[in-house]
Amino acid sequence: CEAGTYGRRGADQDAASYCALCAVGTSQSATGHYEDNQNAGCTPCVPSQFANVTGSAACLAFTECDAGQYKAGHGAASDGSCESCALGQFQETNNALVTSCKTCGAGVEALTEASSTCTACRENTFKMTDGTEECAAVTPCIAAEQYQTAQYTTSSDYACEPLSTCAAGTEWDSNAPTDPSEVRLEDRSCRDVRTCVPGTYVWEQNTLTANRKCERSEERRVG
């Protein structure tokens with residue numbers, strides 16, 4: 001019997017069916033080989049190889065997939081196919097046995113299919129956990145309502161806290177920024193409004209961001 005076949009013990013050697021073909025997923029490299037049954041007569045392919053036709057003298061190595069791909073549908077009887085990694089996933093090496101892609105972690109993303117690596121979140125975006133989603137836009141603190149306790153990173157958003165409220169008329173904010181549209185890095189600092197002592201007069205009335213000013217000159221008296 002030729003390689004890829006085996007002689008069935010007890011069969012008529014003159015019969016055409018004496019030498020049987022190895023089944024798919026198996027091979028037999030020797031000549032003159034015989035066994036009681038096909039399972040014993042031919043050797044199953046090892047996990048990294050396949051034989052997709054009957055009568056194989058040797059199993060073949062799986063076709064290698066490129067980086068950014070994974071192997072699907074393969075087995076002892078099939079080479080399978082190379083499939084592209086989906087968005088948000090990657091596969092960094094050329095390999096014939098990788099069966100899935102990896103998911104991008106926090107702070108990185110994969111915006112195209114068949115990615116061999118993940119890239120850092122773009123400017124003004126972040127991603128907190130592992131996942132296939134794109135990095136999300138950051139949410140800046142609201143200048144009139146919040147102050148910023150932490151800058152955003154590729155894996156975290158801005159951290160914001162509500163501003164304290166100074167009591168109108170009796171308190172003023174000594175920590176007010178020069179530009180009201182500027183996001184604060186500290187909370188308001190509410191201080192009691194100055195009371196003009198006897199013999200002094202209100203020169204400039206207090207506001208939410210400035211204390212009352214007092215002067216001794218009556219010429220500058222306000223109200």
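Is N124 buried, exposed or partly exposed? N124 comes out as partly exposed, at 37% relative accessibility; the cut-offs are under 20% relative accessible area for buried, over 50% for exposed and in between for partly exposed, with a 1.4 Å probe and protein chains only. This is a predicted model, in which local features need pLDDT of at least 70, side-chain atom pairs count only at pLDDT 80 or more, and totals for chains, interfaces and linings use all residues. Residues are numbered from 1 along each chain as its sequence is written, and side-chain values use heavy atoms, with hydrogens and water left out.

Let's stay with N124 for a moment. Its phi is near 65°, a positive value in a residue other than glycine, and N124 sits in the loop between β13 and β14 (125-126). A114 also has a positive phi, of about 60°, and is not a glycine either. You'll find A114 in the loop between β12 (108-109) and β13 (119-120), where A114 is partly exposed at a relative accessible area of 35%.

Now step back to the whole chain. It has one helix and 21 strands, taken as DSSP runs numbered from the N terminus (helices are H or I with at least four residues, strands are E with at least two). Of the 223 residues, 28% are buried. Take the contacts (heavy atoms within 4.5 Å) between residues at least 6 apart in sequence: 41% of them join residues at least 24 apart.

On to the aromatic rings. A search of the whole structure turns up two aromatic pairs. Rings of Phe, Tyr and Trp (its six-membered ring) pair if their centres lie within 6.5 Å, and planes under 30 degrees apart count as stacked, over 60 as edge-to-face and the rest as tilted. F50 and F62 are stacked, at 5.8 Å centre to centre with 0° between the planes. That pair links distant parts of the chain, twelve residues apart: F50 is in strand β6 (residues 49-50), while F62 is in the loop between β7 (60-61) and β8 (69-72). Both F50 and F62 are buried. The ring centres of Y152 and Y158 are 5.3 Å apart and their planes are at 65°, so this pair is edge-to-face. Y152 is buried, with a relative accessible area of 17%, and Y158 is buried too, at 18%.
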